[in-house]
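Colleague: I'm new to this one and have just opened it. Could you walk me through it?
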Amino acid sequence: MTSADTPVRVGVFGLLGSGNLGNDGSLEAVLGYLRAEHPEAVVDALCGGPEAVTTRFRIPATRLHWYRGEYRTASRAGAIAGKGLGKLVDVCRTAAWVRRHDVVIVPGMGVLEATLPLRPWGFPYSLFLLCASGRLLGTRVALVGVGAAEIGDRPTRALVRWSARLAAYRSYRDTPSREAMRAMGVDTARDEVYPDLAFALPIPPPDAPSGPPGVVCVGVMDFHGGNDDRARADEIYRRYLDGTIRFVRALVEEGRPVRLLTGDACDASVVAAILEAVDSPLVTAAEAASLADLMKETAAADTVVATRYHNLVCALRTGTPTLALSYAAKSDALMDRMGLGAYCHPAREVDADRLLEQFRALEKRSAELRQTLAERNRLTARQLQDQFTALTAALFPANDHPHARTRQETP
């Protein structure tokens with residue numbers, strides 16, 4: 001607990017600065033909230049890419065893992081020993097970092113799910129260390145607007161369940177996430193559901209039109225299925241890529257310009273494969289370094305077809321009619337929340353002919369759907385303000401911090 005003269009110390013935690021634009025967008029939204037509502041807070045990060053976080057967000061950052069080769073496959077004895085030792089060292093490192101803070105926020109992200117391939121001793125272990133350290137040392141840990149899904153792998157499931165139980169505050173980005181945690185044995189009676197944090201980001205002003213009209217943004221993903229799909233990961237990837245290539249080629253044959261979008265550094269290989277297969281000047285690739293960059297792209301498009309969750313968020317946030325290549329319940333829930341639930345297509349079973357039919361049906365209703373999205377975005381903004389108000393009440397009680405007290409007493 002801090003005195004009235006001591007600024008509250010806030011830590012942010014996660015796979016931030018590691019090349020995933022959605023994760024960094026969630027951090028940006030939380031930092032915007034802290035700077036607006038709690039400017040007295042002193043903020044730093046424990047994260048995957050500390051150099052990138054410090055450079056972009058201007059906050060001190062510490063590397064999440066002691067062992068620098070954490071995300072490389074360990075095949076030699078030295079690497080295996082290094083990873084094992086790193087797990088022990090990280091117990092002390094995480095606890096020492098948590099102890100320096102009054103509050104730690106995990107900003108959004110799918111930290112309670114395994115919809116993409118995930119090993120229990122990777123991030124789930126790190127999250128468990130964080131939440132256990134917070135409980136033992138009296139530091140409030142908040143999982144804010146996070147995604148969750150039921151997990152079959154028992155070690156991963158146990159680590160995720162205990163992380164959620166040990167957190168001082170939980171909120172979710174959709175109802176299926178809350179239901180998944182309840183099904184895994186977490187008491188969710190007091191947990192709330194709010195829109196994804198990235199919806200709190202401002203829409204950047206549009207650039208002057210520089211390309212041809214009728215642009216279709218196609219957001220791609222290095223998609224191999226989830227944790228339970230490892231045995232057929234290559235088959236899933238080939239089907240996804242082949243279907244996407246056929247779809248892009250059909251658009252080009254109709255004279256439509258296509259703009260390829262990514263959401264993670266690993267997606268570049270998919271872009272390269274599509275550009276090679278569809279050799280046309282009508283197909284170009286965007287170089288987006290943030291969700292703001294992605295929103296500029298989607299705002300300039302007539303229509304968006306996208307796979308990555310935060311590609312969908314950006315398109316919907318800018319009010320652009322969108323079709324989801326859905327790979328998890330979170331995508332379906334997001335599209336349903338925004339009034340476009342009828343426009344989902346399974347990423348594991350991409351059928352280019354059926355996808356084209358859905359795309360044409362979407363474009364026929366474009367004007368109507370833009371109005372629907374404008375209404376849903378207004379509602380989303382109000383709901384996210386409720387999220388930040390609840391977060392202040394939970395983590396920055398009025399009797400602890402003078403700025404929070406002044407804000408709550410101001411009529």
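Predicted model: local features only at pLDDT ≥ 70, side-chain atom pairs only at ≥ 80, totals over all residues.

Colleague: Which strand does β11 join through four bridges?

Modeller: That's β8, residues 216-219, and the two run parallel. Val216 sits opposite Thr303 there. β11 also pairs with β12, residues 322-326, in the parallel sense over three bridges. In that pairing, Val304 has Thr322 as its bridge partner.

Colleague: And how does the chain cross from β11 to β12?

Modeller: Through helix α10, residues 309-317, making a right-handed β-α-β crossover.

Colleague: OK, switching to charges. How many salt bridges does the structure hold?

Modeller: There are 18. One of them joins the side chains of Arg173 and Asp196, at 3.7 Å from N to O. Arg173 is in the loop between β6 and α6, and Asp196 is in the loop between β7 and β8, 23 residues apart.

Colleague: Why do those two count as buried?

Modeller: Arg173 counts as buried because its relative accessibility is 3%, and Asp196 because its value is 2%; the cut-off is under 20%.

Colleague: What about Asp353, which partner does it have?

Modeller: Asp353 forms a salt bridge with Arg246, with 3.4 Å between the closest N and O atoms. Asp353 is in helix α12 and Arg246 in helix α7, so the pair ties together parts 107 residues apart in sequence. There's also a network: salt bridges with shared partners join Glu113, Arg173, Asp196 and Lys330.

Colleague: What does UniProt say about residues 352-382?

Modeller: The unreviewed UniProt entry places a "coiled-coil region" there. In the model, that stretch is 97% helix and 0% strand, with its end C-alpha atoms 38 Å apart.

Colleague: Last one: which residues form a nonpolar patch on the surface?

Modeller: Trp66, Leu85 and Leu88, with about 300 Å² of accessible area together. Leu88 lies in helix α3, residues 77-99, and is exposed at 59% relative accessible area.

Key
Residues numbered from 1 in each chain as written. Heavy atoms only, no water. Patch = residues over 30% accessible without salt bridge, like charges linked within 9 Å, V, L, I, M, F, W, Y side chains within 5 Å. Areas by Shrake-Rupley, 256 points an atom, 1.4 Å probe, with all protein chains shown as cover. Salt bridge = Lys/Arg side-chain N within 4 Å of Asp/Glu carboxyl O. Buried < 20%, exposed > 50% of the residue type's maximum accessible area, 1.4 Å probe, protein only. Pairing = 2+ DSSP bridges. Right-handed = clockwise from strand over helix to strand, strands pointing away. UniProt positions renumbered as here; feature names shortened; annotations may be inferred.
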